[in-house]
Amino acid sequence: MLRLNIEDEFIHFVDIKREQLPEILQWYNNVKEFKYATGIDKPIDMKDLIRKYEEVAICSSEFFVGIYRNDAKKMIGILKGRLKSSDHPVVWISSIAIDPGMQGQGYGGMALDLLLKYLRQVSHIRTVYISVVEGNNIGMRFWVKKGFQTIRKIEKYITIDERKQNVFIMAKHI
């Protein structure tokens, strides 16, 4: 796993440890709040989450971190993604989720800003990609506000709520 134990004056990231998975499972299984953030629309069991965690843990280009406020010890969110190395290294953010009680306070944006600043300085990342399911209006507003633009639409790419959904690929140059 790519280590991202970094901080700024407001928040910090801590690499997810296996013993934190029960807490994270609660977020994954809150499908009403997080189905778009995780891509999972039905509850999963611990075995499924462990498998997902192990896939990240063995890959040196993937990251999976807890998001924490600097003035508190409780995890307020998660951030997951992968670096893709080439002549022009990029990052794909696959999940960002903030605890429902902490949403709307700017923590998602702060986490994204911290990640991008770090990856630009350390890994020389210049482009960031994300995918947003059509119908995820809150997510789309967030990404547009953070400067992302739609570069492609993929028809009927992911099944959510037992329906094939379109997905927008969005990018930001940093």
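Basis. I worked on a predicted model, in which local features need pLDDT of at least 70, side-chain atom pairs count only at pLDDT 80 or more, and totals for chains, interfaces and linings use all residues. Residues are numbered from 1 along each chain as its sequence is written, and side-chain values use heavy atoms, with hydrogens and water left out.

Entry on the strands. I took helices (H or I, at least four residues) and strands (E, at least two) as DSSP runs, numbered from the N terminus. Strand β3 (residues 75-84) pairs with β4 in the antiparallel sense over 8 bridges; strands count as paired if DSSP finds at least two bridges between them. A hairpin of 5 residues joins β3 to β4. On the other pairing, β4 and β5 run parallel and are joined by 3 bridges. I also noted a right-handed β-α-β unit made by β4, helix α4 (residues 107-123) and β5. Right-handed here means that, with the strands pointing away from the viewer, the path from the first strand over the helix to the second runs clockwise.

Entry on aromatic pairs. I searched the whole structure and found 4 aromatic pairs. Rings of Phe, Tyr and Trp (its six-membered ring) pair if their centres lie within 6.5 Å; planes under 30 degrees apart count as stacked, over 60 as edge-to-face and the rest as tilted. Trp 92 and Tyr 129 are stacked, because their ring centres are 5.1 Å apart and their planes at 20°. This pair links distant parts of the chain, with Trp 92 in strand β4 (residues 90-98) and Tyr 129 in strand β5 (residues 127-133), 37 residues apart. Tyr 129 is also the bridge partner of Trp 92 in β5, and Arg 82 stands opposite Trp 92. I recorded Trp 92 as partly exposed, at 29% relative accessibility.

I then checked Trp 143 and Phe 148, an edge-to-face pair with 4.9 Å centre to centre and 80° between the planes. Both Trp 143 and Phe 148 are buried. Together with Phe 142 they form one aromatic cluster.

Entry on charges over rings. I required NZ of Lys or CZ of Arg within 6 Å of the ring centre and within 35 degrees of the ring normal. Lys 35 lies over the face of Tyr 36, 5.5 Å from the ring centre. Lys 80 has its charged end over the ring of Phe 64, at 5.9 Å from the centre.

Conventions: Buried means under 20% relative accessible area, exposed over 50%, partly exposed in between (1.4 Å probe, protein chains only).
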